[in-house]
Amino acid sequence: MAVPKRKMSRSNTRHRRAQWKASAPELVTITIDGRAHRVPRRLVPAYRRGLLRADGAGRGRPTDES
């Protein structure tokens, strides 16, 4: 494991950490069953094949509602 030879200043540490930012997902509009939905670009094939539902139903763990 790499170990720093000298202490890094607080200013340099915070400046370095500030560069790591989460980017917003790139949303694209797709049409499913005649309705337009905005979904992340990388998930478009899953929505088209029916693996994910664009209406929000089916998220989370399945429950036994009988």
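Arg 17 has its place in helix H1, which covers residues 10–17; helices here are DSSP runs of H or I with at least four residues, strands are runs of E with at least two, and both are numbered from the N terminus. This is a predicted model, in which local features need pLDDT of at least 70 and side-chain atom pairs count only at pLDDT 80 or more, while totals for chains, interfaces and linings use all residues. Residues are numbered from 1 along each chain as its sequence is written, and side-chain values use heavy atoms, with hydrogens and water left out.

With a relative accessible area of 56%, Arg 17 is exposed, where exposed means over 50%, buried under 20% and partly exposed in between, for a 1.4 Å probe and protein chains only.

Turning to the strands, Arg 38 lies in strand E2, residues 35–40, and Arg 38 also counts as exposed, at 55% relative accessibility. Apart from its neighbours within four places in sequence, Arg 38 is in contact (heavy atoms within 4.5 Å) with Leu 27, Val 28 and Thr 29. The C-alpha atom of Arg 38 is separated by 8.4 Å from that of Ala 54, a residue 16 positions away along the chain.

As for the chain as a whole, its secondary structure consists of two helices and two strands, which follow one another from the N terminus in the order α-β-β-α. Of the 66 residues in the chain, 12% are buried, and among contacts with a separation of 6 or more, residues 24 or more positions apart account for 0%.
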